[in-house]
Amino acid sequence: MDLADKLDTFTRLVPLLDEASAADTDDITRDAKLRDLAIDSLSMIELVVKIEDEFKVRLDENIVQNWNTVSDVIAYIDEHGEKAKLTK
């Protein structure tokens, strides 16, 4: 088990969100609304690619458009990402 497996999804997601957003790192909480993090459309595309790489999950536009909060992103990753595949 590598370090990434030991970290929770939120901990792994924060640096990706921080890089994509114009918000302060302290503003990135589980309840933070993505629109409040000032992630523009280009940054969202880059964020999606990084999430796919980091969590070994496939994302399509319909899924991403339904995300409102950081918790929505975490829930999807936890349900469909690499850790979910290991427990099934």
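Which side chains meet in a salt bridge at 2.9 Å, N to O, when one partner is Asp-8? The partner of Asp-8 in this salt bridge is Arg-30. This report describes that pair within its wider setting, using a predicted model.

## Overall architecture

The chain is built from 6 helices and 0 strands. Read from the N terminus, its elements follow the order α-α-α-α-α-α. The chain has 88 residues, of which 40% count as buried.

The accessible surface of the chain amounts to about 5600 Å², and carbon and sulfur atoms account for 50% of it. Among the contacts between residues at least 6 apart in sequence, 55% join residues at least 24 apart.

## Salt bridges

Side chains of opposite charge can pair when their charged atoms come close. The structure holds 4 salt bridges, including the one between Asp-8 and Arg-30. That pair links distant parts of the chain: Asp-8 is found in the loop between α1 (3–6) and α2, while Arg-30 is found in the loop between α2 and α3, 22 residues apart. Asp-8 is partly exposed, because its relative accessibility is 33%. Arg-30 is likewise partly exposed, with a relative accessible area of 37%.

Another salt bridge joins Arg-12 to Glu-54, and their closest N and O atoms are 2.9 Å apart. Arg-12 belongs to helix α2 and Glu-54 to helix α3, so this pair ties together parts that are 42 residues apart in sequence. Arg-12 is buried, since its relative accessible area is 7%, whereas Glu-54 is partly exposed at 29%. A further salt bridge brings together the side chains of Glu-52 and Arg-58, at 3.0 Å from N to O. Here Glu-52 counts as buried, with 16% relative accessibility, and Arg-58 is exposed, with a relative accessible area of 64%.

Asp-24, Asp-26, Asp-27 and Asp-36 form a negative surface patch. Asp-27 is located in the loop between α2 (9–20) and α3 (41–55), and Asp-36 also lies in the loop between α2 and α3. How exposed is each of these two residues? Asp-27 is partly exposed, with a relative accessible area of 41%. Asp-36 is exposed, because its relative accessible area is 56% and the cut-off for that class is over 50%.

Val-14 is part of helix α2. At 15% relative accessibility, Val-14 counts as buried, because the cut-off for that class is under 20%. Apart from its neighbours within four places in sequence, Val-14 is in contact with Thr-25 and Ile-28. Val-14 and Thr-25 are 11 residues apart in sequence, and their C-alpha atoms are 7.7 Å apart in space.

## Two residues with positive phi

Most residues other than glycine have a negative phi. Ala-38 is not a glycine, yet its phi is positive, at about 60°. Ala-38 sits in the loop between α2 and α3 and is partly exposed, with 45% relative accessibility.

Lys-56 also has a positive phi, of about 55°, without being a glycine. Lys-56 is placed in the loop between α3 and α4 (61–65). At 48% relative accessibility, Lys-56 counts as partly exposed.

Terms used:
Residues are numbered from 1 along each chain as its sequence is written. This is a predicted model: local features need pLDDT of at least 70, side-chain atom pairs count only at pLDDT 80 or more; totals for chains, interfaces and linings use all residues. Side-chain values use heavy atoms; hydrogens and water are left out. Patches are made of residues with over 30% relative accessible area and no salt bridge: like charges are joined within 9 Å, nonpolar side chains (Val, Leu, Ile, Met, Phe, Trp, Tyr) within 5 Å. Accessible areas come from the Shrake-Rupley method with a 1.4 Å probe; for residues, only the protein chains shown count as cover. Lys and Arg count as positive and Asp and Glu as negative; His and the chain ends are not counted. The place of a charge is taken as NZ of Lys, CZ of Arg, CG of Asp or CD of Glu. Helices (H or I, at least four residues) and strands (E, at least two) are DSSP runs, numbered from the N terminus. Buried means under 20% relative accessible area, exposed over 50%, partly exposed in between (1.4 Å probe, protein chains only). Contact means heavy atoms within 4.5 Å.
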